[in-house]
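Welcome! Take a moment to look over the chain below, and then we will walk through a few of its features together.

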Amino acid sequence: MANKRAFQSSIDPTTVAHHCYDVLVVGAGPAGSSAAYHLARQGADVLLVDRFAFPRDKRCGDGIVTAALEELALMGIADEVQARYSASSRVAVGLYGTKTITECIA
């Protein structure tokens, strides 16, 4: 493959091409990553792929809602994630064609 950045794993791509996985998860965003994680924890041999290199900027990737923190807790990584990032006391919402609204969170 011409783009070597596409492979960010220590696994040789030729090995992946000849391996028979139980599950292929396409899309390594929050849903795909957590699905791959839970499948692997249950014993499935999982290959998780994404078309982009990581880390990447993603509009919805800058905030973590309470439900996502609960999922991260189930995965055993909520404390580590919370330790790396700070809680915000302000939220900005931008709507198409309107002015950005900023509110304080109590």
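Is Val49 buried, partly exposed or exposed, and why? Val49 counts as partly exposed because its relative accessibility is 30%, and partly exposed covers the range between under 20% for buried and over 50% for exposed. Keep in mind as you read that this is a predicted model.

Where does Val49 sit? You will find Val49 in strand E2, which covers residues 46–49. Together with Leu24 and Val26, Val49 makes a nonpolar surface patch of about 270 Å².

Another residue to look at is Ala40, which lies in helix H2, residues 30–41. Ala40 is partly exposed, since its relative accessible area is 41%. Along the chain, Ala40 and Asp22 are 18 residues apart, and their C-alpha atoms are separated by 9.7 Å.

Here are the two residues side by side:

| Residue | Element | Relative accessible area |
|---|---|---|
| Val49 | strand E2 (residues 46–49) | 30% |
| Ala40 | helix H2 (residues 30–41) | 41% |

Now for the chain as a whole. It holds 4 helices and 4 strands, and starting at the N terminus these elements follow the order α-β-α-β-α-α-β-β. The chain has 106 residues, and 11% of them count as buried. Its accessible surface comes to about 9,000 Å², with 57% of that belonging to carbon and sulfur atoms. Finally, take the contacts between residues at least 6 apart in sequence: 27% of these join residues at least 24 apart.

Definitions and conventions
Residues are numbered from 1 along each chain as its sequence is written. This is a predicted model: local features need pLDDT of at least 70, side-chain atom pairs count only at pLDDT 80 or more; totals for chains, interfaces and linings use all residues. Side-chain values use heavy atoms; hydrogens and water are left out. Patches are made of residues with over 30% relative accessible area and no salt bridge: like charges are joined within 9 Å, nonpolar side chains (Val, Leu, Ile, Met, Phe, Trp, Tyr) within 5 Å. Accessible areas come from the Shrake-Rupley method with a 1.4 Å probe; for residues, only the protein chains shown count as cover. A salt bridge is a side-chain nitrogen of Lys or Arg within 4 Å of a carboxyl oxygen of Asp or Glu. Helices (H or I, at least four residues) and strands (E, at least two) are DSSP runs, numbered from the N terminus. Buried means under 20% relative accessible area, exposed over 50%, partly exposed in between (1.4 Å probe, protein chains only). Contact means heavy atoms within 4.5 Å.
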